[in-house]
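Please find below a colleague's note on the structure shown here.

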Amino acid sequence: MGHETTNGSKDEVREVHYDVYEVFVQREILAHHVHVGSVVAPSPELALQVARENFLRRERGVNIWVVLQQSIHQTSYEDTDLLANQVLDKSYREVSGYSENAQKWKQFKERAITVEDLVNDIKS
Amino acid sequence: MSDMQYQEFMNRISRGEKIEATDEMPDEYRKLVIKQIHMHGISEVMGAYPEKEWVPKAPNLRRKLALIAKVQDEIGHGQLLLRVAEDLARPLGKMREEMITDVFTGRVKFHNVFHMEAPTWADAGIIGFLVDGGAIITQASLLDSSYAPYARVLQRICAEESFHMQHGESIVLALAEGTEYQRGMLQDSINRWWPSMMFFFGPTEMSAAADRMMEYRIRTKTNEELRQKFINRYVPRIWALGMTVPDDKLKYDSETKLWSYTDPDWEWFGYMVKNNAGPKSQERIALRRQAHEGQAWVREAMIRAGEAVPTA
């Protein structure tokens, strides 16, 4: 992509730098926006256009967000302590930590159920 | 909003379209969504209190860790929901601080179950088993709410509730296969919580506000539909444990596919929730106030910490 324009003179070439926008696409109305990449553009409006051309040529989307890259704050990959939340066994807070429930319900001649069963009850 | 705009909004609703925070919407819709999510969010926060009482007294380390994790999840759900409510309330000049302190002054109600006592360890289990079960059924029915940010945040909340459900059942199952004393504790707890669970879903004849929420598809199931789903799932499970349900009218009609049940004391529960007059209402609100006001200095310090440090 050419981001250069000339001012008419043969000698002077003025470089034009666009801002970088990070792009988040929402695939369907009840989905969350997901980061898919970035684009450069001179304005938020054009960033949205460019994002559509770059990321939604085939897939369906219902909404796009563009966020100035400089507005994004991130953790450092080096700072592993910040996200080191798996050093202890966390099975006590996982469904998988309660697999014995199913055997126990069986002893009581009942079937174990999950959240999905309750969600499906509502749909039925 | 003109009549034509209102009609266009209702057409969107009836086509099954979803509403976003930045969309045009009738004031009534905005206020009803705020009311629903505010009450839901505050109930998540107040819901942590009965269980938190059992953290220091949990019977072993694993149960203690699980209970702490659950309390942490509930407060987290409160945060997520208040964030959603706040986006809608901001144009009305209402912010987080007010949404939190409204519970001190009774301007926002919270679920009847969280006004009740949890005197034994069996209550910690029954809350996870029945109260969370009921809450999941209610929340599952809101996954299709017309207010999209609410429906989206509930996907995450429901996913986290799946651990709460297993945790509650695990405690209940352990007691059910225990000694006579433990089974007695479990039965007493079921007896204690059952009428509260019948009230939990609200009266069959719904309030005018609840009816409007149905018309706006903010919610999609009636109180009675939700109560029937709950009874249908949980009564057979309680019976399977060899426990009884304290209701001699409880009966399934295979023709209508509906359960009959004894009405809870609607008047008393309604009064209790409205006036925070339950056995634990005032004590828990006082703890909530103490936590919020006691940590005001932390919130203040965080602002200072965020301010730029002047260079020497």
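1. The model is predicted, so local features need pLDDT of at least 70 and side-chain atom pairs count only at pLDDT 80 or more, while totals for chains, interfaces and linings use all residues. Residues are numbered from 1 along each chain as its sequence is written, chains are lettered from A in the order in which they are written, and side-chain values use heavy atoms, without hydrogens and water.

2. Chain A contains three helices and five strands (DSSP runs: H or I of at least four residues for helices, E of at least two for strands). Their order along the sequence is β-β-β-β-α-β-α-α. Chain A is more spread out than a compact globule, because its radius of gyration is 25 Å, well over the 14 Å that the globule rule gives for 124 residues (C-alpha atoms; 2.2 Å times the number of residues to the power 0.38).

3. Along the principal axes, the C-alpha atoms of chain A fill a box of roughly 90 × 40 × 20 Å. Of its 124 residues, 27% are buried (under 20% relative accessible area, 1.4 Å probe, protein chains only).

4. The largest nonpolar core has 92 residues (buried Ala, Val, Leu, Ile, Met, Phe, Trp, Tyr and Cys joined through side-chain atoms within 4.5 Å). Helix 5 of chain B (residues 121-141) gives this core its largest share, 12 residues. Apart from it lies another core of 11 residues, including A:V23 and A:F55.

5. B:Y29 is one of the residues that touch the most other members of the largest core. Beyond its neighbours within four places in sequence, B:Y29 is in contact (heavy atoms within 4.5 Å) with residues including B:F9, B:Y147 and B:I218.

Key:
Buried means under 20% relative accessible area, exposed over 50%, partly exposed in between (1.4 Å probe, protein chains only).
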